[in-house]
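Subject: Handover of a structure and the findings from it

Dear colleague,

Please find below the structure that I am handing over to you. The findings follow directly after it.

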Amino acid sequence: MKQSNSGDGRSRITKGPSGNRAKVAKAGTTQKALKLKRLKALLNAKDDAQRKQGPNKQADVAGAADESSQRREKLAPAPQLAPTQLSMLQRKMKQKLKGARFRWINETMYTTTGAESFEMVQKDPGMFEEYHQGFAAQVDKWPVNPLDVFIESLRGRAHLKVADMGCGEARLAAAVGKQHTIHSFDLVAHNKYITACNIANVPLHDDSVDMVVFCLALMGTDFIVFVREANRILHQGGELKIAEVVSRISDMNAFVEALEDQGFKLTSKDTSNKMFVLLELHKIGSCPTSISARRTTPLKPCLYKRR
(Lines give C-alpha, C1' and ligand atoms only; values in the text may rest on other atoms or scores of the structure.)
Protein backbone atom coordinates (compact mmCIF):
# COMPACT_ATOMS: atom_id res chain seq x y z
CA MET A 1 0.00 0.00 0.00
CA LYS A 2 1.01 3.56 -0.50
CA GLN A 3 0.72 6.46 1.92
CA SER A 4 -0.04 9.90 0.46
CA ASN A 5 -0.52 13.37 1.88
CA SER A 6 -3.69 15.19 1.15
CA GLY A 7 -4.05 18.88 1.01
CA ASP A 8 -5.53 19.00 4.54
CA GLY A 9 -2.43 17.38 6.00
CA ARG A 10 -4.12 14.05 6.53
CA SER A 11 -2.51 10.98 5.05
CA ARG A 12 -4.58 8.41 3.11
CA ILE A 13 -3.92 4.78 2.54
CA THR A 14 -4.64 3.47 -1.03
CA LYS A 15 -4.61 -0.09 -2.29
CA GLY A 16 -2.08 -1.01 -4.90
CA PRO A 17 -2.39 -3.48 -7.84
CA SER A 18 -1.76 -6.56 -5.69
CA GLY A 19 -4.74 -5.79 -3.52
CA ASN A 20 -7.08 -5.58 -6.51
CA ARG A 21 -5.91 -8.92 -7.79
CA ALA A 22 -6.63 -10.62 -4.47
CA LYS A 23 -10.14 -9.21 -4.44
CA VAL A 24 -10.87 -10.33 -8.01
CA ALA A 25 -9.53 -13.82 -7.38
CA LYS A 26 -11.74 -14.25 -4.31
CA ALA A 27 -14.82 -13.16 -6.29
CA GLY A 28 -14.03 -15.58 -9.14
CA THR A 29 -13.69 -18.49 -6.72
CA THR A 30 -17.05 -17.74 -5.21
CA GLN A 31 -18.75 -17.63 -8.64
CA LYS A 32 -17.26 -20.98 -9.64
CA ALA A 33 -18.49 -22.56 -6.44
CA LEU A 34 -21.98 -21.27 -7.13
CA LYS A 35 -21.91 -22.63 -10.70
CA LEU A 36 -20.77 -26.04 -9.50
CA LYS A 37 -23.48 -26.07 -6.87
CA ARG A 38 -26.13 -25.20 -9.47
CA LEU A 39 -24.80 -27.87 -11.87
CA LYS A 40 -24.87 -30.55 -9.17
CA ALA A 41 -28.42 -29.57 -8.33
CA LEU A 42 -29.43 -29.88 -11.97
CA LEU A 43 -27.76 -33.28 -12.29
CA ASN A 44 -29.41 -34.53 -9.13
CA ALA A 45 -32.79 -33.35 -10.37
CA LYS A 46 -32.26 -35.12 -13.71
CA ASP A 47 -31.28 -38.39 -11.99
CA ASP A 48 -34.39 -38.22 -9.82
CA ALA A 49 -36.57 -37.68 -12.90
CA GLN A 50 -35.00 -40.65 -14.72
CA ARG A 51 -35.50 -42.92 -11.71
CA LYS A 52 -39.15 -41.91 -11.51
CA GLN A 53 -39.71 -42.42 -15.29
CA GLY A 54 -37.62 -45.65 -15.57
CA PRO A 55 -40.47 -48.30 -15.74
CA ASN A 56 -42.53 -46.23 -18.14
CA LYS A 57 -39.57 -45.67 -20.43
CA GLN A 58 -38.72 -49.38 -20.54
CA ALA A 59 -42.33 -50.13 -21.50
CA ASP A 60 -42.10 -47.55 -24.25
CA VAL A 61 -38.91 -49.14 -25.59
CA ALA A 62 -40.51 -52.61 -25.51
CA GLY A 63 -43.57 -51.30 -27.35
CA ALA A 64 -41.40 -49.73 -30.01
CA ALA A 65 -39.58 -53.04 -30.46
CA ASP A 66 -42.89 -54.87 -30.87
CA GLU A 67 -44.06 -52.37 -33.49
CA SER A 68 -40.77 -52.76 -35.35
CA SER A 69 -41.12 -56.55 -35.30
CA GLN A 70 -44.68 -56.30 -36.63
CA ARG A 71 -43.52 -54.04 -39.46
CA ARG A 72 -40.81 -56.56 -40.39
CA GLU A 73 -43.37 -59.37 -40.41
CA LYS A 74 -45.63 -57.38 -42.73
CA LEU A 75 -42.74 -56.64 -45.08
CA ALA A 76 -41.34 -60.18 -45.00
CA PRO A 77 -41.98 -62.21 -48.21
CA ALA A 78 -44.48 -65.06 -48.13
CA PRO A 79 -42.90 -68.46 -47.50
CA GLN A 80 -42.06 -70.42 -50.66
CA LEU A 81 -43.95 -73.65 -51.29
CA ALA A 82 -41.94 -76.85 -51.27
CA PRO A 83 -41.76 -78.71 -54.63
CA THR A 84 -44.27 -81.27 -53.31
CA GLN A 85 -46.75 -78.54 -52.34
CA LEU A 86 -47.71 -77.45 -55.85
CA SER A 87 -50.77 -75.28 -56.17
CA MET A 88 -53.80 -76.54 -58.07
CA LEU A 89 -52.92 -74.26 -60.99
CA GLN A 90 -49.35 -75.57 -61.10
CA ARG A 91 -50.58 -79.17 -61.11
CA LYS A 92 -52.97 -78.41 -63.96
CA MET A 93 -50.23 -76.72 -65.98
CA LYS A 94 -47.85 -79.64 -65.39
CA GLN A 95 -50.54 -82.10 -66.51
CA LYS A 96 -51.19 -80.04 -69.65
CA LEU A 97 -47.49 -80.06 -70.53
CA LYS A 98 -47.37 -83.85 -70.12
CA GLY A 99 -50.46 -84.19 -72.29
CA ALA A 100 -48.96 -82.00 -75.00
CA ARG A 101 -45.76 -84.05 -74.94
CA PHE A 102 -47.72 -87.31 -75.25
CA ARG A 103 -49.74 -85.97 -78.19
CA TRP A 104 -46.57 -84.91 -80.01
CA ILE A 105 -44.88 -88.32 -79.55
CA ASN A 106 -48.09 -90.13 -80.52
CA GLU A 107 -48.57 -88.05 -83.67
CA THR A 108 -44.93 -88.52 -84.67
CA MET A 109 -45.13 -92.31 -84.35
CA TYR A 110 -48.33 -92.48 -86.40
CA THR A 111 -47.03 -90.25 -89.18
CA THR A 112 -43.54 -91.73 -89.68
CA THR A 113 -42.26 -95.17 -90.64
CA GLY A 114 -41.41 -97.87 -88.11
CA ALA A 115 -37.70 -97.45 -88.86
CA GLU A 116 -37.86 -93.70 -88.20
CA SER A 117 -39.73 -94.20 -84.92
CA PHE A 118 -37.17 -96.79 -83.80
CA GLU A 119 -34.28 -94.44 -84.57
CA MET A 120 -36.00 -91.54 -82.79
CA VAL A 121 -36.67 -93.51 -79.60
CA GLN A 122 -33.17 -94.99 -79.53
CA LYS A 123 -31.80 -91.45 -79.39
CA ASP A 124 -34.15 -90.54 -76.54
CA PRO A 125 -35.36 -93.68 -74.68
CA GLY A 126 -37.26 -91.50 -72.21
CA MET A 127 -39.82 -90.86 -74.94
CA PHE A 128 -40.96 -94.48 -74.64
CA GLU A 129 -41.82 -94.03 -70.97
CA GLU A 130 -43.56 -90.70 -71.62
CA TYR A 131 -45.60 -92.18 -74.45
CA HIS A 132 -46.76 -95.25 -72.54
CA GLN A 133 -47.69 -93.22 -69.47
CA GLY A 134 -49.90 -91.02 -71.64
CA PHE A 135 -51.27 -94.03 -73.51
CA ALA A 136 -52.13 -95.82 -70.26
CA ALA A 137 -54.03 -92.73 -69.09
CA GLN A 138 -56.09 -92.85 -72.29
CA VAL A 139 -56.82 -96.59 -72.14
CA ASP A 140 -57.85 -96.33 -68.48
CA LYS A 141 -60.86 -94.31 -69.64
CA TRP A 142 -62.07 -97.19 -71.83
CA PRO A 143 -64.64 -99.64 -70.44
CA VAL A 144 -62.43 -102.56 -71.57
CA ASN A 145 -58.72 -102.84 -72.37
CA PRO A 146 -58.32 -105.08 -75.45
CA LEU A 147 -55.10 -106.52 -74.05
CA ASP A 148 -57.10 -107.98 -71.17
CA VAL A 149 -59.29 -109.74 -73.74
CA PHE A 150 -56.22 -111.37 -75.31
CA ILE A 151 -54.81 -112.34 -71.91
CA GLU A 152 -58.03 -114.07 -70.88
CA SER A 153 -58.28 -115.92 -74.20
CA LEU A 154 -54.78 -117.37 -73.71
CA ARG A 155 -55.33 -118.49 -70.11
CA GLY A 156 -57.54 -121.38 -71.16
CA ARG A 157 -55.37 -122.67 -73.99
CA ALA A 158 -52.56 -125.21 -74.25
CA HIS A 159 -48.97 -124.05 -74.68
CA LEU A 160 -48.40 -121.68 -77.60
CA LYS A 161 -45.47 -119.75 -78.99
CA VAL A 162 -46.63 -116.15 -79.25
CA ALA A 163 -45.03 -113.00 -80.69
CA ASP A 164 -46.36 -109.84 -79.01
CA MET A 165 -45.56 -107.09 -81.52
CA GLY A 166 -45.43 -103.55 -80.11
CA CYS A 167 -45.86 -105.02 -76.64
CA GLY A 168 -45.61 -101.78 -74.61
CA GLU A 169 -44.74 -102.86 -71.06
CA ALA A 170 -45.05 -106.59 -71.91
CA ARG A 171 -48.13 -107.21 -69.77
CA LEU A 172 -48.96 -110.23 -71.90
CA ALA A 173 -45.67 -111.93 -71.01
CA ALA A 174 -46.02 -110.97 -67.35
CA ALA A 175 -49.55 -112.39 -67.20
CA VAL A 176 -49.25 -115.70 -69.12
CA GLY A 177 -45.51 -116.10 -69.65
CA LYS A 178 -45.39 -119.17 -67.42
CA GLN A 179 -48.10 -120.90 -69.44
CA HIS A 180 -46.95 -119.87 -72.93
CA THR A 181 -43.71 -118.85 -74.62
CA ILE A 182 -44.10 -115.10 -75.21
CA HIS A 183 -41.68 -113.14 -77.39
CA SER A 184 -42.17 -109.44 -76.63
CA PHE A 185 -40.95 -106.77 -79.08
CA ASP A 186 -41.04 -102.99 -78.93
CA LEU A 187 -38.90 -99.91 -79.59
CA VAL A 188 -37.24 -99.95 -76.15
CA ALA A 189 -36.34 -102.84 -73.83
CA HIS A 190 -38.35 -101.39 -70.95
CA ASN A 191 -38.02 -104.56 -68.84
CA LYS A 192 -36.58 -108.09 -68.89
CA TYR A 193 -39.31 -109.45 -71.18
CA ILE A 194 -38.77 -107.02 -74.07
CA THR A 195 -36.43 -107.18 -77.06
CA ALA A 196 -35.88 -103.73 -78.59
CA CYS A 197 -36.29 -103.64 -82.37
CA ASN A 198 -38.29 -102.33 -85.30
CA ILE A 199 -41.19 -104.79 -85.47
CA ALA A 200 -40.81 -104.88 -89.25
CA ASN A 201 -37.74 -107.01 -88.60
CA VAL A 202 -37.87 -109.15 -85.44
CA PRO A 203 -35.17 -111.68 -84.46
CA LEU A 204 -37.23 -114.86 -84.99
CA HIS A 205 -36.95 -117.64 -87.58
CA ASP A 206 -39.45 -118.21 -90.36
CA ASP A 207 -42.52 -120.28 -89.42
CA SER A 208 -41.49 -120.30 -85.74
CA VAL A 209 -44.59 -119.12 -83.82
CA ASP A 210 -48.22 -120.14 -83.41
CA MET A 211 -49.69 -116.69 -82.86
CA VAL A 212 -48.86 -113.03 -83.53
CA VAL A 213 -50.58 -110.27 -81.54
CA PHE A 214 -50.89 -106.60 -82.55
CA CYS A 215 -52.71 -104.88 -79.71
CA LEU A 216 -53.12 -101.25 -80.82
CA ALA A 217 -49.68 -101.59 -82.38
CA LEU A 218 -50.17 -101.06 -86.14
CA MET A 219 -48.62 -97.62 -85.91
CA GLY A 220 -46.65 -95.86 -88.61
CA THR A 221 -47.24 -95.08 -92.25
CA ASP A 222 -45.81 -98.47 -93.29
CA PHE A 223 -47.85 -100.64 -90.89
CA ILE A 224 -48.42 -103.18 -93.66
CA VAL A 225 -44.77 -104.28 -93.44
CA PHE A 226 -45.43 -105.29 -89.82
CA VAL A 227 -48.20 -107.57 -91.09
CA ARG A 228 -45.84 -109.05 -93.68
CA GLU A 229 -43.33 -109.75 -90.89
CA ALA A 230 -46.08 -111.53 -88.96
CA ASN A 231 -46.69 -113.75 -92.01
CA ARG A 232 -42.98 -114.62 -92.17
CA ILE A 233 -42.68 -115.83 -88.57
CA LEU A 234 -46.07 -117.61 -88.39
CA HIS A 235 -46.32 -121.24 -89.40
CA GLN A 236 -49.01 -122.25 -91.87
CA GLY A 237 -52.43 -121.94 -90.21
CA GLY A 238 -51.01 -119.72 -87.47
CA GLU A 239 -53.21 -117.03 -85.87
CA LEU A 240 -52.98 -113.29 -86.36
CA LYS A 241 -54.85 -111.32 -83.66
CA ILE A 242 -55.38 -107.59 -84.08
CA ALA A 243 -56.99 -104.99 -81.81
CA GLU A 244 -57.35 -101.59 -83.45
CA VAL A 245 -59.01 -98.28 -82.58
CA VAL A 246 -62.33 -97.94 -84.40
CA SER A 247 -61.74 -94.29 -85.34
CA ARG A 248 -58.68 -95.26 -87.38
CA ILE A 249 -60.67 -97.48 -89.72
CA SER A 250 -62.57 -95.42 -92.25
CA ASP A 251 -63.36 -98.48 -94.39
CA MET A 252 -63.46 -101.84 -92.60
CA ASN A 253 -63.69 -103.86 -95.81
CA ALA A 254 -60.66 -102.13 -97.29
CA PHE A 255 -58.71 -102.74 -94.09
CA VAL A 256 -59.56 -106.45 -94.04
CA GLU A 257 -58.69 -106.77 -97.74
CA ALA A 258 -55.30 -105.13 -97.13
CA LEU A 259 -54.60 -107.73 -94.41
CA GLU A 260 -55.80 -110.66 -96.54
CA ASP A 261 -53.56 -109.49 -99.38
CA GLN A 262 -50.60 -110.47 -97.19
CA GLY A 263 -51.50 -114.18 -97.08
CA PHE A 264 -54.25 -114.22 -94.41
CA LYS A 265 -57.92 -115.11 -94.17
CA LEU A 266 -60.34 -113.36 -91.80
CA THR A 267 -62.03 -115.87 -89.46
CA SER A 268 -63.52 -113.61 -86.78
CA LYS A 269 -64.50 -109.96 -86.36
CA ASP A 270 -65.78 -108.40 -83.12
CA THR A 271 -67.14 -104.85 -83.34
CA SER A 272 -69.19 -104.95 -80.13
CA ASN A 273 -66.91 -102.46 -78.36
CA LYS A 274 -67.35 -98.81 -79.35
CA MET A 275 -63.65 -98.02 -78.82
CA PHE A 276 -61.85 -100.84 -80.66
CA VAL A 277 -62.39 -103.73 -83.06
CA LEU A 278 -61.00 -107.25 -82.63
CA LEU A 279 -59.94 -109.23 -85.70
CA GLU A 280 -58.70 -112.81 -85.97
CA LEU A 281 -57.06 -114.08 -89.16
CA HIS A 282 -55.18 -117.25 -90.08
CA LYS A 283 -52.19 -117.63 -92.33
CA ILE A 284 -53.16 -119.41 -95.56
CA GLY A 285 -50.03 -118.74 -97.57
CA SER A 286 -46.94 -116.64 -97.99
CA CYS A 287 -47.29 -112.93 -98.60
CA PRO A 288 -46.54 -111.58 -102.10
CA THR A 289 -43.03 -110.47 -102.92
CA SER A 290 -44.13 -106.84 -103.24
CA ILE A 291 -46.78 -104.66 -101.61
CA SER A 292 -49.77 -103.84 -103.77
CA ALA A 293 -50.18 -100.15 -104.47
CA ARG A 294 -53.74 -100.44 -105.75
CA ARG A 295 -55.24 -99.03 -102.56
CA THR A 296 -54.67 -96.00 -100.39
CA THR A 297 -53.69 -96.64 -96.77
CA PRO A 298 -56.82 -98.01 -95.02
CA LEU A 299 -55.76 -96.81 -91.54
CA LYS A 300 -55.80 -93.20 -90.36
CA PRO A 301 -53.33 -91.93 -87.75
CA CYS A 302 -54.70 -91.96 -84.21
CA LEU A 303 -54.47 -88.30 -83.21
CA TYR A 304 -55.75 -86.95 -79.90
CA LYS A 305 -57.52 -83.60 -79.66
CA ARG A 306 -55.60 -80.66 -78.23
CA ARG A 307 -57.33 -79.29 -75.13
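Two residues are taken to touch, or to be in contact, when heavy atoms of theirs lie within 4.5 Å. On that basis, Met252 touches Lys269 and Val277, residues up to four places away in sequence being left out of account. Met252 lies in helix H8.

Please note that the model is a predicted one.

Overall composition

The protein has 307 residues, of which 32% count as buried. Its secondary structure comes to 8 helices and 9 strands. Among the contacts with a separation of 6 or more, 64% are accounted for by residues 24 or more positions apart.

Aromatic pairs

A pair of aromatic rings is described by the distance of the centres and the angle of the planes. How many aromatic pairs does the count give? The count comes to 2 aromatic pairs. One is formed by Trp142 and Phe276; it is stacked, with 6.0 Å from centre to centre and 25° between the planes. The term "stacked" applies here because the planes are under 30 degrees apart. This pair links distant parts of the chain: Trp142 is in the loop between helix H4 (126–139) and helix H5 (146–155), Phe276 is in strand E9 (residues 276–283), and 134 residues separate them. Both Trp142 and Phe276 are buried.

Phe223 and Phe255 also form an aromatic pair, and this pair is tilted, at 6.4 Å from centre to centre and with 55° between the planes. Here too distant parts of the chain are linked: Phe223 belongs to helix H7 (residues 223–233) and Phe255 to helix H8 (residues 252–260), 32 residues apart. Phe223 is buried, as is Phe255.

Asp222 is found in the loop between strand E6 (209–215) and H7. Which residues does Asp222 touch, not counting those up to four places away in sequence? They are Thr113 and Gly114. From C-alpha to C-alpha, Asp222 and Gly114 are 6.8 Å apart in space, while in sequence they are 108 residues apart.

Two serines

Ser117 has its place in helix H3 (residues 114–123). Is Ser117 buried or exposed? Ser117 counts as buried because its relative accessible area is 5%, and the limit for a buried residue is under 20%. The side chain of Ser117 makes a polar contact, at 3.1 Å, with the side chain of Thr112. Residues up to four places away in sequence aside, Ser117 touches Met109, Thr112 and Leu187.

Ser184 lies in strand E4 (residues 181–186). With a relative accessible area of 2%, Ser184 is therefore buried. Beyond its neighbours within four places in sequence, Ser184 is in contact with Asp164, Cys167, Ala170, Ala173, Tyr193, Ile194 and Thr195.

Positive phi values

Ala170, one of the residues in contact with Ser184, has a phi near 60°, a positive value in a residue other than glycine. Ala170 lies in the loop between strand E3 (161–165) and helix H6 (171–176). Ala170 counts as buried because its relative accessibility is 0%.

Asp207 likewise has a positive phi, of about 55°, although it is not a glycine. Its place is in the loop between strand E5 (194–196) and E6. Asp207 is described as partly exposed because its relative accessible area is 46%, and that class runs between the 20% limit for buried and the 50% limit for exposed.

The second largest pocket

About how much space lies in the second largest pocket? The figure is about 610 Å³. This pocket is lined by 31 residues, and the closest to its centre are His132, Phe135, Gly166, Cys167 and Gly168. H3 and H4 are the elements that give two or more residues to the lining. The largest share, 6 residues, comes from H4. By class, the lining of this pocket has 16 nonpolar, 10 polar and 5 charged residues.

Yours sincerely

Technical notes. Residues numbered from 1 in each chain as written. Predicted model: local features only at pLDDT ≥ 70, side-chain atom pairs only at ≥ 80, totals over all residues. Heavy atoms only, no water. Phe/Tyr/Trp six-rings, centres within 6.5 Å; stacked < 30°, edge-to-face > 60°. Helix = DSSP H or I, 4+ residues; strand = E, 2+ residues; numbered from the N terminus. Buried < 20%, exposed > 50% of the residue type's maximum accessible area, 1.4 Å probe, protein only. Polar contact = N/O pair within 3.5 Å; in protein donor to acceptor, adjacent residues only side chain to side chain. 1 Å grid on protein atoms, 1.4 Å probe; cavity = no way out; pocket = protein on both sides within 12 Å on 5 of 7 lines; lining within 4 Å. Points joined across faces, edges and corners; volume = space filled by probe spheres on them. Nonpolar A, V, L, I, M, F, W, Y, C, P; charged D, E, K, R; others polar.
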